[in-house]
Amino acid sequence: MSIWEYANPVKFIRTTDKVLPWISVGAVLCLVTGLVWGFFFTPDDFRQGSTVKIFYLHVPAAMMAINAWVMMLVASLVWIIRRHHVSALAARAAAPVGATFTIIALATGALWGQPMWGTWWAWDPRLTSFLVLFLFYLGYMALWAAIENDDTAADLTSILCLVGSVFAILSRYAVLFWNQGLHQGASLSLDKEENVADVFWYPALVCIAGFVLLFIALVFLRTQTEIRARRARALMARERQA
């Protein structure tokens, strides 16, 4: 069995219909478990107090905001190289989900940063590149909406996705590229000196799993919607021509 079989819209819908309920249930269980565990059953940090618990929303949302764009990049490359419509529609479906995660990350970052830094916003390299990434999300969605021909829209948005990937990389590694800045390094790291304590780490992993499953479920559902909408537009175009 080849992965390219799922480029067939019918097969994609049938397969995702089977797995979508399981992924959705997994997402709800992980999110509820991780957030309740993190917010109610972990201690306050000795420096940041209870404010540190924003971590359980901020870090998974920020990770998925970046990884959503990476997924869109891969799907866009598949469209450019192999011209599979499902990949282009999957990239389109992922954009609003990624943009929402970006908003959550920016909002929770402001809530976390205000008591820690004394300001809601700072033009820190990572924060700035993350804001620019959000603007690319908006531009990507606007470009899809502005062009009637789906194939032309897929071509242009794929190019935009390639350009925006630079800022996805900057968002992920800004702290490494620039030593200056208020934003801390990676909270989840293989470096024991940087990584958070296990009491915070384990519920954070459950929250991350929940955000990943939520992203997959939403992208599958929205891609199905995009496929059906494309079919409906094609049928309407045929009726007008008849």
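The model is predicted: local features need pLDDT of at least 70, side-chain atom pairs count only at pLDDT 80 or more, and totals for chains, interfaces and linings use all residues. Residues are numbered from 1 along each chain as its sequence is written, and side-chain values use heavy atoms, with hydrogens and water left out.

Rings of Phe, Tyr and Trp (its six-membered ring) pair if their centres lie within 6.5 Å; planes under 30 degrees apart count as stacked, over 60 as edge-to-face and the rest as tilted. By this rule there are nine aromatic pairs. The rings of Phe55 and Tyr56 have centres 5.3 Å apart and planes at 80 degrees, so they are edge-to-face. Buried means under 20% relative accessible area, exposed over 50% and partly exposed in between (1.4 Å probe, protein chains only); Phe55, at 3%, is buried, as is Tyr56 at 1%. Ring pairs also link Trp69, Phe136, Tyr137 and Tyr140 into a cluster.

Six salt bridges are present, each a side-chain nitrogen of Lys or Arg within 4 Å of a carboxyl oxygen of Asp or Glu. In one of them, the closest N and O atoms of Arg92 and Glu226 are 3.7 Å apart. Arg92 lies in helix α3 (residues 85–117) and Glu226 in helix α6 (residues 198–241), 134 residues apart; helices here are DSSP runs (H or I, at least four residues), numbered from the N terminus. Both Arg92 and Glu226 are buried.

Asp150 pairs with Arg233 at 3.0 Å between the closest N and O atoms.

Notes
Helices (H or I, at least four residues) and strands (E, at least two) are DSSP runs, numbered from the N terminus.
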